Amino acid sequence: MPLLPSALSSALPRAILPVLVAPARDLSRHLARSLRWLTLSLGTGAALFAAGQATAAGFDNLARLADKGFIVSAQARMLDSGETLASVNPALQLTPASVSKLYIAAASLDRFGPQYRFSTRLRSTGTVSDGVLNGDLVLEGSGDPALTSEELWRLTEELRFRGIRRINGRLLVSQWRFGPVPCISTDRCNASRRSSNAYDALLSSAASNYASWCVKVLPGVGSQAPAQLASCDMTQPAEAFDNQVTTVAAGGKNAINARRTTSNGRDTLVVSGTIAADSQPRSIYRAVSNPALYTGHLMRDMLSRAGIDVTGGVDLTSTAPPSSATQLGSVEGKPMQELLTRMLNYSNNFMADQLTLALVGGSQATLRQGGAKLETFASAIPNHGPLTMYSGSGLTSQNRTSVNGLIALLDSMYHRAALFPTFVAGMQAPTNGPMRFIRRGSETFRNNVMVKTGTLNQPVPVRAISGYFRGKSGRWGAFAVMVNGRAAVPYLSWPQVLDPVAEDLTAMIERN
């Protein structure tokens, strides 16, 4: 199908429902006659309207959302020939939500490579004598987005292997690379005081366990007895529990709610609801208020379990250890390819923004600096166009890109043979992806696309989806769809977007 100038479609205020009556082979001639007639009879504005209708061909079902007041932008393109199969206002700058994570995945692969690992170290300027470290033990965070209790225990074991049994000093957690990171979204700003989620976890280069408390809820002894609460990670938890969970009869309803509140620097997990007497333990995750301090308490708890006493307590610093400090332990995290698969599959905001900050380098990086690195990365992609990034996670509505840009990104990564397998592996096939809400549409759609989705509900609803598809002939294509709401249309469900996208893409896959 002949392409129309993208400037025509981008000039429209929103996507317009296509009405095509001419067969494909006559489309170019039909459009030329129609546009000449409209320009002469009604002026340029009408010609632009006609162009907008024509470019929606192929996304006929999706484009109908524009009639309901939503802003619609979409494009599908074959990657071998560059042929555009369908396009709706492809140059519009819209909010991509978590589809933003495709940028941080690509930029991380470009900067670090698939096998890069973050290293977390224990260092000290003190001296070791007869199993005693005289001086502070410094835990130097590297910004590892998947540092967990497992890696911290391995660090603890290194100290034990060295014969250290006592630390005459503090456990000093260094977040000199970044942290505490100023919040730029309402979710994270609120999370410094309270949180009822894990997705709004705060950021630090010394964060661990995805910066979230984990509380395990077990049935109490007997009906109507209080449930049992325990920390998933610590024998002596630093947080307090407010247990409001009641045990109900076997077969009863499990309905557990939790929120984390913070007062005077201490976190309290308020857990309420019911748990059945025959229920298995339930784990609940909530963002911590101070990720680096949480890591310090967790590390001290592990040292205690290993028989290593810390006399000076836990403290934080934003200063890097001096070059003269001795390394007493080091642990490498998971390879980048594993980090990205997990980050994309589960759309993990914490991991995405930790990686965004890692792109900056230096000291006390901010998300806006990381966003600028992503913008620079995208500027080198042919035909990408403008990009505004405030975070790699897409948690902020300030991010802006176009479907033109997204497909340029996908096209670029497709042609990088050493990076493409890792990049595409993080996307989901609707037929078996971990996010069940995408398991919609035809069998052809569910088995022939790999996608990343994005969702925001405030200040306006956003539903975005982008990724690759395989045509029936085996050829690869890329597509991107962004639907943004307005204040007048504050609700948008995934079926409203995903069902027409699946129907439109199914037809393209069958034809190619």
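Which residues touch the most other members of the largest nonpolar core? In this predicted model, local features need pLDDT of at least 70 and side-chain atom pairs count only at pLDDT 80 or more, while totals for chains, interfaces and linings use all residues. Residues are numbered from 1 along each chain as its sequence is written, and side-chain values use heavy atoms, with hydrogens and water left out.

The largest nonpolar core holds 95 residues, and those touching the most other members are Leu-137, Val-217, Val-271, Leu-303, Met-343, Phe-423 and Tyr-468. Such a core is a set of buried Ala, Val, Leu, Ile, Met, Phe, Trp, Tyr and Cys residues joined through side-chain atoms within 4.5 Å. Buried means under 20% relative accessible area, exposed means over 50%, and partly exposed lies in between (1.4 Å probe, protein chains only). Helix 5 (residues 101-112) supplies the largest share of this core, eight residues. Helices (H or I, at least four residues) and strands (E, at least two) are DSSP runs, numbered from the N terminus. A second, separate core comprises 31 residues, among them Ala-66, Val-72, Leu-85 and Ala-502. In soluble globular proteins, nonpolar side chains tend to be buried together.

Five strands form an open sheet in the order 2-1-21-20-19, with antiparallel pairing. Two strands pair if DSSP finds at least two bridges between them. Strand 2 (84-88) and strand 19 (449-456) are the edge strands, each pairing on one side only. On average, neighbouring strands of this sheet are turned by 5 degrees against each other, direction ignored. Nine bridges join strand 20 (residues 462-470) to strand 21 (residues 476-484) in the antiparallel sense. Ile-465 has Val-481 of strand 21 as its bridge partner. Helix 12 (residues 403-414) lies across strand 1 (71-78), strand 20 and strand 21. This helix runs at about 150 degrees to strand 21. Axes are lines fitted to C-alpha atoms, for helices over the stretch in contact, and angles run from 0 to 180 degrees between N-to-C directions.

Another open sheet has four strands in the order 9-13-14-12, and its pairing is mixed. Strand 9 (194-195) and strand 12 (240-248) stand at the edges with a single partner strand each, so one side of each is left without a neighbour in the sheet. Strand 12 and strand 14 (residues 266-276) run parallel and are joined by nine bridges. Phe-241 stands opposite Leu-269 in strand 14.

Strand 10 (residues 212-218) pairs with strand 11 in the antiparallel sense over four bridges. Lys-216 stands opposite Ala-230 in strand 11. Strand 11 (residues 228-231) has a covered face, Leu-229 and Ser-231, and an uncovered face, Gln-228 and Ala-230.

The whole structure contains 14 salt bridges, each a side-chain nitrogen of Lys or Arg within 4 Å of a carboxyl oxygen of Asp or Glu. In one of them, Arg-177 pairs with Glu-140, with the closest N and O atoms 3.8 Å apart. The two residues are 37 residues apart, Arg-177 in the loop between strand 8 (171-174) and helix 7 (186-191) and Glu-140 in strand 6 (residues 137-140). Arg-177 is partly exposed at 22% relative accessibility, whereas Glu-140 is buried at 5%. Arg-123, Glu-140 and Arg-177 are linked in a network of salt bridges.

Arg-188 and Asp-353 form a salt bridge in which the closest N and O atoms are 2.7 Å apart. Arg-188 in helix 7 and Asp-353 in helix 10 (residues 349-358) are 165 residues apart. Both residues are buried.

Backbone geometry was also examined. The peptide bond between Gly-179 and Pro-180 is cis, with omega about -10 degrees. Pro-180 lies in the loop between strand 8 and helix 7. A cis bond also runs from Gln-458 to Pro-459, with omega near 0 degrees. Pro-459 is in the loop between strand 19 and strand 20. Asn-209 has a positive phi, near 50 degrees, and is buried at 11% relative accessible area. Phi of Asn-264 is likewise positive, near 55 degrees, but Asn-264 is exposed at 82% relative accessibility.

How values were computed
Contact = heavy atoms within 4.5 Å.
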